[in-house]
Amino acid sequence: MGKKQVRQVRQQMRKVQPKTAASNAPGATRKQRERYVQSGGMLQGYAPDYVIRIGYVSIGIAVLCALVIAACLLVIPPIYGWPVAVAASLAWVLPIALLASFVGPGFRLALKDRRTEPRLVQGQLVGASSVSTSIGLGMMMVQTRGGVEQYLVPPARLKQVPGNQVNVVLTVTPNLKHVKSVGVMGQRMVGRVEPPVPPVMRRLQLLPVLTPLALAVAAIIGDDAVALAPIEPSLHAVLAVVAGTALGAAVYGVSYLLQRRMMEEVQSLIPKT
């Protein structure tokens, strides 16, 4: 009987043994990033028409960068040679790549949302806030049949949301998850009190936008400044690429440290239970 009880205990321990957290696994992190990109990335929650305007502006910037690349390949070779011309052109590819990665997914989803009817989401209000990590958007959490879902909502539509737990109906675009309307069912017994927004949240909202811009500007300045300078021909192209890469890496490193510091400051503001 003793051995049988030991086997039963071991079997129970194997059943209740906690699994490895999905967020710590590299594969799970990659899937989270894929889902983030598939939902529009940085442009998730914004109105499709607004995202489309951003997309057209980004296309114009990409065309301008392509023209600068063509000018570098036409003007620089007679002066410094083809290696330096190619090195000077490489820096202008970075803004195009950044725009394609940050704006492209949301732009495609916005075009789909213009041709697709919005869907209704109904559930119980869990919480709401007029501030989030996205500029100009608040946040709402709703308990639905599938679990707790989080939506980015324009602050103007959150004014009618009370502080008590009521049933709400959201009209949401299927791709960008833009909340077009918010309906409240039930009595608004408790007014929602908005605490003051910490200044660190404002800075945290700007960081995802300013980082790619600063990264592209730093790489272009470092690369093209060295490419247009009179330097030893044998090292000219290499030094231009190294200078652009070094400045871009420095900007990325500073941004990473700032983000970590801001996140620590935000976590320190959360009351501990």
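In strand S4, Val-169 is the bridge partner of Gln-122. Strand S1 (residues 119–129) and strand S4 (residues 167–172) run antiparallel and are joined by six bridges. The model is predicted: local features need pLDDT of at least 70, side-chain atom pairs count only at pLDDT 80 or more, and totals for chains, interfaces and linings use all residues. Residues are numbered from 1 along each chain as its sequence is written, and side-chain values use heavy atoms, with hydrogens and water left out.

**The sheet**

- Five strands form an open, antiparallel sheet in the order S3-S2-S1-S4-S5 (strands are DSSP runs of E with at least two residues, numbered from the N terminus; two strands pair if DSSP finds at least two bridges between them).
- The edge strands, S3 and S5 (179–185), each pair on one side only.
- Strand S2 (residues 138–144) runs antiparallel to strand S3 (residues 147–153), and seven bridges join them.
- A hairpin of two residues connects S2 to S3, and Met-139 has Leu-152 in S3 as its bridge partner.

**The helix pair**

- Helix H3 (residues 48–75) packs against helix H5 (residues 82–102) at an angle of about 175°, with the axes 8 Å apart (helices are DSSP runs of H or I with at least four residues; axes are lines fitted to C-alpha atoms over the stretch in contact, and angles run from 0 to 180 degrees between N-to-C directions).
- H3 is therefore roughly antiparallel to H5 (angles over 145 degrees count as such).

Conventions
Angles under 35 degrees count as roughly parallel, over 145 as roughly antiparallel, 65 to 115 as roughly perpendicular and the rest as oblique.
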